[in-house]
Amino acid sequence: MADIVVVFHSGYGHTQRVAQAVADGAGAVLLQIDGDGKLPAGGWEMLAAADAIILGAPTYMGGPSWQFKRFADASSKVWFAQGWRDKLFAGFTNSAAMNGDKYATITYLWTLAMQHHGLWISQGLMPSNNKAATRESLNYVGGYGGLMTTSPTDASPGEMSKGDLETARAFGERVASIATRQAPKV
């Protein structure tokens, strides 16, 4: 079994719900970035020990939240020591609009992983893009580079699309499957 950590920031609870679904699918541990952009005690050690790191942030104004970016900037100490070199990475984001420039956030997460010399795991699901598709279909938002979910601004976290949450679970399962194949043999 691979050691997988989902490190994320959530401003209103929607991204946290996605993080939980991803973690459920991956058998992963959640590591939440707080409102000041900091990890809890022992957070950096958890990431150092992980076989795979799944990055998650809401998309605000075309990019990740400032709290996530503060965490990313703080990871420069790990970068300097090459502490996450060859780790597996994946990423997800949530925003209110169907597009919402989510791919800019996925690109930011991918770039962060590449700067750490990590190996990126894509969404791995075909989009639901035929006439029979509904909002409850898997990968209805149509992400390839990472998981993208949508929550209308007037929807509570409890009202999130079941299709998005099932897509998040499937994404977690994909990361776990790949991380298990890649985990060092003891």
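Is Asp24 buried, partly exposed or exposed, and with what relative accessible area? Asp24 is partly exposed, with a relative accessible area of 39%, where buried means under 20%, exposed over 50% and partly exposed in between (1.4 Å probe, protein chains only). The model is predicted: local features need pLDDT of at least 70, side-chain atom pairs count only at pLDDT 80 or more, and totals for chains, interfaces and linings use all residues. Residues are numbered from 1 along each chain as its sequence is written, and side-chain values use heavy atoms, with hydrogens and water left out.

**View 1. Salt bridge between Arg169 and Asp24.** The closest N and O atoms of this pair are 3.8 Å apart; a salt bridge is a side-chain nitrogen of Lys or Arg within 4 Å of a carboxyl oxygen of Asp or Glu. Arg169 in helix α6 and Asp24 in helix α1 are 145 residues apart, and the pair links distant parts of the chain. Helices (H or I, at least four residues) and strands (E, at least two) are DSSP runs, numbered from the N terminus. Arg169 counts as partly exposed, at 31% relative accessibility.

**View 2. Salt bridge between Asp164 and Arg135.** The N to O distance is 2.7 Å. Asp164 belongs to helix α6 and Arg135 to the loop between β6 and β7, 29 residues apart. Asp164 counts as buried at 2% relative accessibility, whereas Arg135 counts as partly exposed at 23%. A search of the whole structure finds 2 salt bridges.

**View 3. The largest nonpolar core.** This core has 26 residues, and those with the most contacts inside it are Ile4, Val6, Val22, Ile54, Phe92 and Val175. A nonpolar core is a set of buried Ala, Val, Leu, Ile, Met, Phe, Trp, Tyr and Cys residues joined through side-chain atoms within 4.5 Å. At least two residues each come from β1 (4-8), α1, β3 (52-60), β5 (88-95) and α6 (162-182). The most is given by α6, with 7 residues.

**View 4. Helix α5 (residues 102-115).** The helix has 14 residues and reaches 20 Å from its first C-alpha to its last, close to the 20 Å expected at 1.5 Å a residue; the expected span is 1.5 Å times one less than the number of residues. Its buried residues are Lys102, Thr105, Ile106, Leu109, Leu112 and Ala113. Seen down the axis of α5, these fall within an arc of 120°, so they line one face of the helix; the arc is that of the directions from the helix axis to the C-beta atoms. Their cover includes β3, β4 (63-64), α3 (66-74), β5, β6 (119-120) and β7 (147-150). Just after α5, His117 takes a positive phi of about 60°.

**View 5. The aromatic cluster of Trp44, Phe68, Phe71, Trp84, Phe89 and Tyr108.** The structure holds 6 aromatic pairs. Rings of Phe, Tyr and Trp (its six-membered ring) pair if their centres lie within 6.5 Å; planes under 30 degrees apart count as stacked, over 60 as edge-to-face and the rest as tilted. The ring centres of Trp44 and Phe71 are 5.3 Å apart with the planes at 20°, so this pair is stacked. Trp44 is partly exposed, with a relative accessible area of 30%, whereas Phe71 counts as buried at 1%. The rings of Phe68 and Tyr108 have centres 6.5 Å apart and planes at 75°, so this pair is edge-to-face.

How values were computed: Contact means heavy atoms within 4.5 Å.
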